[in-house]
Amino acid sequence: QVQLVESGGGLVQAGGSLRLSCAASGRTFSKHGMAWFRQAPGKEREFVAVIAWSGGGTYYADSVKGRFAISRDNGKNTAYLQINSLKPEDTAVYYCAAGLYYNFNPTAAPQSADFGSWGQGTQVTVSS
């Protein structure tokens, strides 16, 4: 497993942008599929975006498609989530997750149980 630390959250006005980072420890980062989930107050944790460990394929929740972009830099052991055109409903704690050799199934959204390592989360608050 890898240890994950998120950063980059904050308070931003609607329409603004943020880039979240997820720094991983260890030497197996490149063998992990990386995902972002989020949890808003009083709601279940939901899938946001995933990038496969091999080939770099990506998959997004419909609610963020076209606004969010997930990427990774294996040389820096870091995954990123670029979030643009932020809306108040994007307010949540954003969590980074890693799954060893995880490649997503494009017909079904990834589940929390698919990932064995989680970060502590970073708060994103969008004001209207």
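I began with contacts, meaning heavy atoms within 4.5 Å. Among those between residues at least 6 apart in sequence, 63% join residues at least 24 apart.

Before going on, I noted that this is a predicted model, where local features need pLDDT of at least 70, side-chain atom pairs count only at pLDDT 80 or more, and totals for chains, interfaces and linings use all residues. Residues are numbered from 1 along each chain as its sequence is written, and side-chain values use heavy atoms, with hydrogens and water left out.

**Overall build**

I looked up the secondary structure next and found zero helices and eleven strands. For these, helices (H or I, at least four residues) and strands (E, at least two) are DSSP runs, numbered from the N terminus.

The C-alpha trace spans about 40 × 30 × 25 Å along its principal axes.

I then looked at burial, where buried means under 20% relative accessible area, exposed over 50%, and partly exposed in between (1.4 Å probe, protein chains only). Of the 128 residues, 45% count as buried.

**The four-stranded sheet**

I traced an open sheet of four strands with antiparallel pairing, in the order S1-S3-S8-S7. Its edge strands are S1 (4-7) and S7 (68-73), each pairing on one side only. Two strands pair here if DSSP finds at least two bridges between them.

Inside the sheet I followed S3 to strand S8 (residues 78-83): six bridges join them, and they run antiparallel. One residue I looked up was Arg19, whose bridge partner in S8 is Gln82.

**The disulfide**

How many disulfides does a search of the whole structure find? It finds one, counting a pair of cysteine sulfur atoms within 2.5 Å. The partners are Cys22 and Cys96, with sulfur atoms 2.0 Å apart. The pair links distant parts of the chain, 74 residues apart: Cys22 lies in strand S3 (residues 18-24) and Cys96 in strand S9 (residues 92-100). I read -75 degrees about the S-S bond, a left-handed link.

Are these two cysteines buried or exposed? Cys22 is buried, with a relative accessible area of 0%, and Cys96 also counts as buried at 0%.
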